[in-house]
Amino acid sequence: SSLLSGSGETALLIDEVGFRKKGRHSACVGRQYLGCLGKQDNGQVAVVGGLSSGSHYCPVDVELFMPKSWDCDLQRRKNAGIPDHIAHRSKTDMALEMILDLQSRGISFDYVGFDSLYGSSSQLIGRLDKAKIPFIGDVRENINVYLSEPKFAIPAAEKGKRGRKPKLLKADIQTVSLKEHMETLQSEEFTEIAFRDGTKQKIRALFHQKDVWVKTDDHVCKALKLQLIIRKDIDGTTKYSFCNMHEDTLTKIAQRQGQRVFVERIFEEGKNQIGLGDYQVRSWEGFHKHMTLCFMAFYYIALQKVNYDETLPLTAPVIRKLVASTISSRWENLESTMDYCLKHLYAYRRQIQRNLNRSPET
């Protein structure tokens, strides 16, 4: 986290990365959704946490996701070396544990960002809000919310109606889906904001902000107040997000929402430049060792970007070529030095042999 501490606000970005694999013996392999393919296929999936600040980014944590089919498959678990305490957990549970663990280890970040898989989990956002961790996460358009604060009570029994008396608490207002709310909005309820730097110019979009209430626990008679952020891109794409940043401006929240794009850059550079998916190991330990080595290489690349940001903007492919050229140059120098040493060693050996031939006593 100290690497990015001088670049402004730091986001902890949570997402999952997939690796297509054949067979059934690699740790936690199975038929599941792989984001790299955009469909279900046989492969491995890992939950990843990465830090991002400004235009810089670096992964910091990873854990392999275990499908349910592996939970009780003792033989495959033994062959893959999966520890006994590892069990199937949902990706949202893994994400929550990762966030709290990074926080407890002193990894500093200003807020957490994630996609709709995690943002649509009422349990996850409820726990983060309870822990006072700022977050902004995309959500699905079919999520239901209250547009004003609801009050919960047991409804009175209808006169003359037979049956059991109501016992469950119900809200005094109805919920609406995010898509339904979106369809009622007028153009003047959106604000145009430049929320992120692009390759040539600022990226702009239309944003709408509104207080909503979401039920995060069916056993608690209270709804959690959140900010609903609706973003309409120039290409017509509409994105919905929840956040608990009630004191911040819409511009600041929009910039934080746009920061999530850098988790995709982590996966892109990791696979194309560092070899994140280029491994032939099957074991649980082997997978995480490979990821650790890749993260160390990624840290080196991020360090060079930060160090030369003002004087010489560098990209991952350029840094990789510079490193390869340096290694090649040093190896050539090493080879020439070794050739020089061996040449003189052989000459010295021949001289000793000639001396021995001339002086048998010696």
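Me: So Ala, Val, Leu, Ile, Met, Phe, Trp, Tyr, Cys and Pro count as nonpolar, Asp, Glu, Lys and Arg as charged, and the others, Gly among them, as polar. Using those classes, how does the lining of the largest cavity divide?

Reply: The lining of the largest cavity has three nonpolar, four polar and three charged residues. Keep in mind that this is a predicted model.

Me: Okay, which residues line the largest cavity?

Reply: They are Leu13, Gly113, Phe114, Ile136, Gly137, Asp138, Arg256, Gln257, Gln259 and Arg260. The elements giving two or more residues to that lining are β5 (111-114), β6 (135-139) and α6. Out of these, β6 gives the most, with three residues.

Me: And how much space lies in there?

Reply: About 50 Å³ lies in the largest cavity.

Me: How do you even find empty space in a protein?

Reply: You roll a probe the size of a water molecule over the atoms, and that shows where empty space is left.

Me: Nice. How many cavities of 30 Å³ or more are there?

Reply: The count comes to two. The second largest cavity has a volume of about 40 Å³, and the residues lining this cavity are Glu63, Leu64, Met66, Ile86, Ala87, Arg89, Met94 and Trp284.

Me: Let's switch to pockets. What's the volume of the largest pocket?

Reply: The largest pocket comes out at about 860 Å³. Its lining has 35 residues, and Gly54, Ser55, His56, Asp197 and Phe262 lie nearest the centre.

Me: Which elements give two or more residues to that lining?

Reply: Quite a list: β3 (39-53), β4 (56-64), β11 (191-197), β12 (202-214), α6 (250-258), α7 (261-274) and α9 (316-358). The largest share comes from α7, which gives six residues.

Me: And how do the lining residues of the largest pocket divide by class?

Reply: There are 10 nonpolar, 14 polar and 11 charged residues in that lining.

Me: What about the second largest pocket, what's its volume?

Reply: That pocket has a volume of about 360 Å³. It is lined by 15 residues, and those closest to its centre are Gly126, Asp129, Lys130, Thr216 and Leu224. Two elements to look for here are α4 (122-130) and β13 (224-232), which give two or more residues to the lining.

Me: Which element gives the most there?

Reply: That's α4, with six residues. By class, the lining of the second largest pocket divides into four nonpolar, four polar and seven charged residues.

Me: While we're on α4, which of its residues are buried?

Reply: The buried residues of α4 are Leu124, Ile125, Gly126 and Leu128.

Me: And what do the buried residues of α4 pack against?

Reply: They pack against α2 (91-104), β5, α3 (116-119), β6, β13 and β14.

Me: New topic: which residues touch the most other members in the largest nonpolar core?

Reply: That core has 48 residues, and the ones touching the most other members are Phe19, Leu64, Ile82, Phe207, Trp284, Phe287 and Met291. Helix α8 (residues 284-307) gives the largest share of this core, eight residues.

Me: Take Met291. What does Met291 touch, not counting residues up to four places away in sequence?

Reply: Met291 touches Phe19, Val62, Leu276 and Tyr279. There's also a second, separate core of 38 residues, which includes Ala95, Leu124, Phe190 and Tyr240.

Me: Now Thr237. Where is its place?

Reply: Thr237 sits in the loop between β13 and β14 (238-243).

Me: Why does Thr237 count as partly exposed?

Reply: Because its relative accessible area is 32%, and partly exposed lies in between under 20% (buried) and over 50% (exposed).

Me: What's Thr237 in contact with, leaving aside its neighbours within four places in sequence?

Reply: Thr237 is in contact with Arg231 and Lys232. Its side chain is also joined to the side chain of Asp235 by a polar contact of 3.0 Å.

Me: Last one, the whole protein. How many helices and strands are there?

Reply: Nine helices and 14 strands. The protein has 362 residues, and 41% of them count as buried.

Key. Residues are numbered from 1 along each chain as its sequence is written. This is a predicted model: local features need pLDDT of at least 70, side-chain atom pairs count only at pLDDT 80 or more; totals for chains, interfaces and linings use all residues. Side-chain values use heavy atoms; hydrogens and water are left out. On a 1 Å grid over the protein atoms alone, a cavity is a set of points where a 1.4 Å probe fits but cannot get out, and a pocket is an open set with protein on both sides within 12 Å along at least five of seven lines; lining residues have an atom within 4 Å of a point. Grid points are joined across faces, edges and corners, and a volume is the space filled by probe spheres set on the points. Helices (H or I, at least four residues) and strands (E, at least two) are DSSP runs, numbered from the N terminus. Buried means under 20% relative accessible area, exposed over 50%, partly exposed in between (1.4 Å probe, protein chains only). Contact means heavy atoms within 4.5 Å. A polar contact is a pair of N or O atoms within 3.5 Å; within protein, one must be able to donate a hydrogen and the other to accept it, and residues adjacent in sequence count only if both atoms are side-chain atoms. A nonpolar core is a set of buried Ala, Val, Leu, Ile, Met, Phe, Trp, Tyr and Cys residues joined through side-chain atoms within 4.5 Å.
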